[in-house]
Amino acid sequence: MPPETDTSSPRSATQGPEEPRRCPAPFGTANSAPRPAAPTTQTAGPGPAAPAPESSGTDSPSPGDGTTERRLHPVTPLRRAWAPVAVMVGWAVHDPDQAQRQLTRLTTTHLLIGLAVLIPAAALYGFLTWWFTHYAVTDTELRIRTGLLFRRTAHIRLERVQAIDVTQPLLARVAGVAKLKLDVIGTGKKDELAFLGAGEARALRAELLARAAGLAPETAHEVGEAPSRQLLRVPPRVLAVSLLLTGATWGTLIAAVVVPTLLWLATHNLWTVLATVLPLLGAAGASSAGRFVGEYDWTVAESPDGLRLDHGLLDRAHETVPPGRVQTVRIVEPLLWRRRGWVRVELDVAGSSNSVLLPVAPREIAESVVARVLPGVTVPTGPELSRPPRRAARCRPLWWRGYGLAVTDTVFAVRYGLLRRSLALVPHAKVQSVRRTQGPWQRALRLADVRVDTGANKTVTARLRDADEAADLLRAQAEHSRTGRRDALPDRWMA
């Protein structure tokens, strides 16, 4: 195993002080008479009661603490009623032979009786799961209570919320409802409330953001959604052209031509060729079409709670990139995009699944958007990135030319890739640990790799640096990280 030198950070880069972050500007009575009973329904918090957002379901008092619990939208039972049907379909897929034998034995009478039992059972299941699902917002958490026989209560601490997204699948858009998805630190998947009325979902999102920002409960309802200013919109034509110029699309198409040709020359069997070419063509089409549908009408807007991303042709998503939570920014430049000056911007956000900031954009515009995600950061240019020494070619012939490194006052920047270039920017305040590694061949050539670990459980590596340079870089980066965390603004939602 190669030796490692590790310098770890004393605390997580996702934590911050208590002050709110300033975001950058914007593309009894004394007698013996009985005391009157307290009201059974009230708003959580020390201040005066404030009206809750208009709910599409019904409200009920929470047992114990008096907070108002709300139900999901009444259309939700229609979504959950499919669970018993899905169980039967899963059984049929798991044992298709047995399912086929059972179906052949069914008569019309048996089929009608089965439907008469299954449909009411599914409807009852959907209704009960909706009726026993409640959520409530308190001063410090979002509480979700579910279960008929086995009760489960999820307590989501607002200060651990990374992002709150509103998504609308196609049928949900028709019904006027939406999902509220929450990215929370320390959880592997998103917690969600599905479904809420579209207006209620946005109002609840605004309330949660306001409370997470430290606003008083009595004013959180009144804040509403923060205003936004549009910075960029990706035209559908540009998105389509960028997908056609992606190497993965052309690679799959070339494979769909070459592989069937070789199979035909080897077997002269038409069915073998068709069984090969159809999946390859389908994979190429599905990959490009899937990205086009998901990234259609991509819009980036700036608001006090972060950069807002709206996109989707069939399923519309409303996501937020919160300020101060981004761990790494990658500027990707595919080979066929360089002549047009286009780049793709990807993100690593701690505890969040948000991974794309811009699907395609001119480099100048992309860098201006990156400057809003990482305030004060200037993207290093080609001449500012130093290559590894020439002897690195013995480890990585030809490909070593794609490596580069630049360390500024604000970021640790690494470039890698020769055909598909990527420039990774890691703010010093987000570096959790820094390591220096050497393999046997690297020791012989006096080379070393320097790896920095971020709060998103990702690693950015400066490869094949001179051994003495790597040792100096290890010490310098540890100092950069300490000073960066000391001077960094707090990771809070709003100003």
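**Note on the strand sheets and helix packing of the model**

1. The protein chain averages a pLDDT of 79, and 79% of the residues score at least 70. Among its elements, strand β1 (residues 4–8) has the lowest mean pLDDT, 48, whereas strand β18 (residues 411–416) has the highest, 96. Over residues 1–56 the pLDDT is below 50, although this stretch has 125 contacts in the model beyond near neighbours in sequence. Where pLDDT is low, the predicted coordinates should not be read in detail.

2. Strand β8 belongs to an open sheet of seven strands, which has the order β9-β8-β7-β13-β12-β11-β10 and antiparallel pairing. Because β9 and β10 (229–233) stand at the edges, each with a single partner strand, one side of each is left without a neighbour in the sheet. On average, and with direction ignored, neighbouring strands of this sheet are turned by 20° against each other.

3. Is strand β8 largely enclosed, or left open, by the rest of the structure? Seven of the eight residues of β8 (residues 177–184) are buried, so this strand is largely enclosed by the rest of the structure. On the side of strand β7 (residues 161–168), β8 pairs in the antiparallel sense over six bridges, and there the bridge partner of Asp165 is Lys181 in β8.

4. Strand β7 also pairs with strand β13 (residues 316–321), to which three bridges join it in an antiparallel run; here Thr167 has Ala317 of β13 as its bridge partner. Helix α6 (residues 198–212) lies across β7, β8, β9, β12 (306–311) and β13, and runs at about 135° to β9.

5. A second open sheet is formed by six strands in the order β16-β15-β14-β19-β18-β17, again with antiparallel pairing. Its edge strands, β16 (356–362) and β17 (404–407), each pair on one side only. Neighbouring strands of this sheet are turned by 15° against each other on average, with direction ignored.

6. Four bridges join β17 to β18 in an antiparallel run, with Val407 opposite Phe412 in β18, and the two strands form a hairpin with three residues between them. On the side of β19, six bridges join β18 to its antiparallel partner, and Val414 stands opposite Ala424 in β19. The hairpin of β18 and β19 has four residues between the strands, and in it Gly417 takes a positive phi near 95°.

7. How are helices α9 and α10 oriented to each other? The axes of α9 (residues 247–267) and α10 (residues 270–295) come within 9 Å and cross at roughly 180°; the helices are therefore roughly antiparallel to each other. Among the residues that make the contact are Leu253, Val259, Leu263 and Trp264 of α9, and Val273, Val277, Leu280 and Leu281 of α10. By class, this contact has 14 nonpolar, six polar and no charged residues.

8. A last point concerns Pro236, whose place is in helix α8 (residues 236–244). Pro236 is partly exposed, with a relative accessible area of 24%. Not counting residues up to four places away in sequence, Pro236 touches Phe292 and Tyr296. From Pro236 to Phe292 the separation is 56 residues in sequence and 8.2 Å in space, C-alpha to C-alpha.

How values were computed. Residues numbered from 1 in each chain as written. Predicted model: local features only at pLDDT ≥ 70, side-chain atom pairs only at ≥ 80, totals over all residues. Heavy atoms only, no water. pLDDT = per-residue confidence, 0-100. Contact = heavy atoms within 4.5 Å. Pairing = 2+ DSSP bridges. Axes fitted to C-alpha atoms, helices over the stretch in contact; angles between N-to-C directions. Buried < 20%, exposed > 50% of the residue type's maximum accessible area, 1.4 Å probe, protein only. Parallel < 35°, antiparallel > 145°, perpendicular 65-115°, else oblique. Nonpolar A, V, L, I, M, F, W, Y, C, P; charged D, E, K, R; others polar.
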